[in-house]
Amino acid sequence: MLKTNFSLSDDLTPLSVSDLPLVVHPGKVHVHWAETAHAKRFDILARVRDRLHVALRCQSCGDVHVSRVSVVMTAQPLCPHCVESRWRQTALTAGLTWRGRDPEHRHYAYYGLPCGHDVRRQVSFVERVASGTVAIRCENCLVHREEAEASRFGWQRIGRDPQGNANYRLYRHGCGHEQRIAVANLRWGQCDCAGCGESWTAKPSYIYLLDIRHPQTKRHYLKLGYSSHPVKRHKHQLGLPKNATVEVLRVVAMPTGHDACAHEKAAHARLSRQHPEALVPNSEYQAFMNVVSEIYRPVSLSILQDTLDRIEVEITDAVRIRNSDTAAAPPQTTSRIHTDARNNPESQSSTALNNRSPARGQPRRRRRPMTDPRDPNPILRRHWGLTR
Ligand SMILES: [Zn+2]
Ligand SMILES: [Zn+2]
Ligand SMILES: [Zn+2]
């Protein structure tokens with residue numbers, strides 16, 4: 001056998017594959033082969049590799065590929081270069097960068113995502129992305145996001161769920177204990193550690209009264225809500241426009257997230273029953289922020305302050321009952337925030353809180369049961385009234 005340079009038999013147009021690393025097979029290219037190939041929009045350049053293969057030049061793109069003679073004679077050869085340029089175009093339409101075929105699997109290729117990561121996908125899947133029927137997701141970015149979500153609550157994302165549930169991951173708590181947790185639950189910090197016993201419902205939480213303004217659209221609302229997270233994240237959580245301002249008017253410290261959830265829920269129910277005019281209809285703000293309810297008119301400020309006064313009494317009484325054995329003094333549960341600290345929500349945890357014990361000297365009220373036993377995930381469902 002000789003390598004590449006050759007001349008074709010007389011009955012074929014002389015062509016060259018001298019730039020290809022092909023081993024030429026010395027056999028004759030039969031005229032009926034050449035005619036059949038030509039009818040199928042290919043030209044046979046030479047017999048290559050062995051007696052079964054020929055080098056074909058595509059009449060569309062001019063590129064050369066190797067095909068079995070039997071394919072030329074009995075089927076329609078496909079030009080891999082034309083196929084690849086179609087795939088490249090599909091990737092472009094799908095908003096991706098073509099990175100090349102997967103040499104291991106003919107149905108797969110590599111694509112560059114807008115986030116900068118590369119992924120391997122089935123070509124037919126990318127065709128559906130291009131047609132808009134499905135969206136492509138980046139596993140790398142997803143993992144990074146889940147890692148960040150977990151670390152906010154003292155957990156480390158380790159990997160997939162060892163039991164194979166797509167909604168779960170394996171996490172390691174700060175104490176070293178590893179356990180499976182549903183991704184959606186950890187996103188909200190809603191997870192108890194079976195190792196050290198730390199419970200999300202037992203963590204301190206807060207009920208906030210927020211003043212939300214958007215000068216551009218002259219919007220002005222009040223919002224009640226609870227959170228165990230830093231105040232600085234409220235704006236982000238509420239999905240407000242960048243130029244909106246959020247002022248924390250008041251913070252009521254709650255002994256547990258469960259208490260915060262239950263009291264906030266009860267307060268909203270009571271307000272909508274007794275002061276329906278204080279509530280802003282959802283249709284008025286749904287395009288403005290990412291909440292479904294619990295938005296109030298600014299004129300209802302005093303009603304909301306009264307509501308928080310009442311929660312303070314209830315929570316103080318509840319703590320007193322819990323601690324009745326030890327006859328502990330009622331904790332300092334709340335404060336109205338000093339005016340000069342209003343624009344610095346971070347300061348609420350230190351000096352800005354004008355701590356007092358409002359319940360002292362006030363009559364005890366019976367604590368009413370406020371949890372809904374049918375609601376197993378109150379935080380998830382009620383947390384800031386977010387749409388999910
Ligand atoms: Zn071609
Ligand atoms: Zn990514
Ligand atoms: Zn733990």
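Predicted model: local features only at pLDDT ≥ 70, side-chain atom pairs only at ≥ 80, totals over all residues.

Me: Where does I181 lie, and which residues does I181 touch beyond four places away in sequence?

Reply: I181 lies in strand β11, residues 178-182. Leaving out residues up to four places away in sequence, I181 touches Y168, R169, Y171, L186 and C191. Take C191 as an example: 10 residues separate I181 and C191 in sequence, and their C-alpha atoms are 7.2 Å apart in space.

Me: How should I picture side chains along a strand, and how many residues of β13 are buried?

Reply: In general, side chains in a regular strand alternate between the two faces of the sheet. Here, β13 covers residues 219-227, and seven of its nine residues are buried, so β13 is mostly covered.

Me: Which strands pair with β13, and in what sense?

Reply: Strand β12, residues 205-214, pairs with β13 in the antiparallel sense over nine bridges. Strand β15, residues 295-296, also runs antiparallel to β13 and is joined to β13 by two bridges. Look at L222 in β13: L222 is the bridge partner of D211, and L222 also has Y296 in β15 as a bridge partner.

Me: What lies between β12 and β13?

Reply: The two strands form a hairpin with four residues between them, and K218 in this hairpin takes a positive phi near 55°.

Conventions: Residues numbered from 1 in each chain as written. Chains lettered and ligands numbered in written order. Buried ≥ 20, exposed ≤ 12 C-beta atoms within 10 Å, placed from the backbone. Pairing = 2+ DSSP bridges. Contact = placed C-beta atoms within 7 Å.
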